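Please consult the sequence and structure shown below while reading.

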Amino acid sequence: MARITASVYTSHVPAIGAAMDLGKTQEPYWQKVFSGYDFSRQWIKANKPDVVFLVYNDHATAFSLDIIPTFAIGTAAEFAVADEGWGPRPVPKVEGAPELAAHIAHSVIQQDFDLTIVNRMDVDHGLTVPLSLMCGQPREWPFKVIPFAVNVVQYPVPSGMRCFRLGQAIRKAIESFDEDLNVQIWGTGGMSHQLQGPRAGLINKEWDNRFLDRLVEDPEGLAGVNHIEYVKEAGSEGIELVMWLIARGAMADVAGGPKPTVKHRFYHVPASNTAVGHLILENKQ
């Protein structure tokens, strides 16, 4: 059967993608950010999955205020890189895993989660920046990707607990797929940041690092944090962190297995106008 071997968590700051695309990664400002992913790029080479189930949020690219799905799964064979206003990023197109994606959609919907099935969409920096951070600048991405878009832009947005429970449903779905596949689940977005209003530029290092601590040690308790606390402590865009709870809910310990191994942890301020957080957790085999 398919199995989830690891989860990866990372910010998806658009300026990080621009720094890579423009060859600025070794400039003093950016070198501090990218050095936090040196281990990760070696780790992904040694632990290359067949498929990455990548949880991210669309930034008014595939979806607009006309249609806002809470949870949307990409079931296409490939996904083009979106033009976000200054041309598509110079990165490879994303190859999908339609058979596994369709199976996950069926299984998760049968577990009473409503998903929007998307057979064609372009993917923006929310998805491509994490791929670049983990894989560098290859000619093609080294694995297939199932995009899973979550609405954390327009209220109402899903609760942390709903995201955590959804992660558990996704794990069950993947483990019921009868092909022998190595699957990783990635939660992206965050950490603390606010892009507008009187608190624009807010970063809360202490809250971010408590979030990382609890994500490892007390994920179910963390899932109970309400939206008001995210907005108050992590800024209006800090709510993106609920997407990390989908990935965490899919790990083995949540279903009674052993605690995951923390392979890497990184935190840095600032990158553009936000904090950067990063974790790699491995399921014990």
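A residue is called buried when its relative accessible area is under 20%, exposed when that area is over 50%, and partly exposed in between. On this scale Glu 179, with a relative accessible area of 39%, is partly exposed. The model is predicted, and the points below are grouped by topic.

**Helix H5**

- Helix H5 covers residues 125-135, and eleven of its eleven residues are buried, so the helix is largely enclosed by the rest of the structure.
- The buried residues of H5 include His 125, Thr 128 and Ser 132, together with Leu 127, Val 129, Leu 131, Leu 133 and Met 134.
- Gly 126, Pro 130 and Cys 135 are also buried in H5.
- Asp 124 is placed at the start of H5, where one of its side-chain oxygens comes to within 2.9 Å of the backbone nitrogen of Gly 126.
- Just after H5, Gly 136 adopts a positive phi of about 75°.

**Negative surface patch**

- A patch of negative charge on the surface is formed by Asp 50, Glu 99, Asp 178 and Glu 179.

**Cis peptide bonds**

- Most peptide bonds are trans, and most residues other than glycine have a negative phi.
- The bond from Tyr 155 to Pro 156 is cis, with omega near 5°.
- Pro 156 is found in the loop between strand E7 (144-150) and H6.
- Gly 190 and Met 191 are likewise joined by a cis peptide bond, for which omega is about -5°.
- The loop that holds Met 191 runs between E8 and helix H7 (205-217).

- Asp 112, a residue other than glycine, has a positive phi near 75°.
- Asp 112 sits in the loop between helix H4 (98-110) and strand E6 (116-118).
- With a relative accessible area of 64%, Asp 112 is exposed, because the cut-off for that class is over 50%.
- Ser 272 is also a residue other than glycine with a positive phi, here near 60°.
- Ser 272 occupies the loop between strand E9 (261-271) and strand E10 (274-282).
- The relative accessible area of Ser 272 is 38%, which makes the residue partly exposed.

Key
Residues are numbered from 1 along each chain as its sequence is written. This is a predicted model: local features need pLDDT of at least 70, side-chain atom pairs count only at pLDDT 80 or more; totals for chains, interfaces and linings use all residues. Side-chain values use heavy atoms; hydrogens and water are left out. Buried means under 20% relative accessible area, exposed over 50%, partly exposed in between (1.4 Å probe, protein chains only). Helices (H or I, at least four residues) and strands (E, at least two) are DSSP runs, numbered from the N terminus. A polar contact is a pair of N or O atoms within 3.5 Å; within protein, one must be able to donate a hydrogen and the other to accept it, and residues adjacent in sequence count only if both atoms are side-chain atoms. Patches are made of residues with over 30% relative accessible area and no salt bridge: like charges are joined within 9 Å, nonpolar side chains (Val, Leu, Ile, Met, Phe, Trp, Tyr) within 5 Å. Accessible areas come from the Shrake-Rupley method with a 1.4 Å probe; for residues, only the protein chains shown count as cover. A salt bridge is a side-chain nitrogen of Lys or Arg within 4 Å of a carboxyl oxygen of Asp or Glu. Lys and Arg count as positive and Asp and Glu as negative; His and the chain ends are not counted. The place of a charge is taken as NZ of Lys, CZ of Arg, CG of Asp or CD of Glu.
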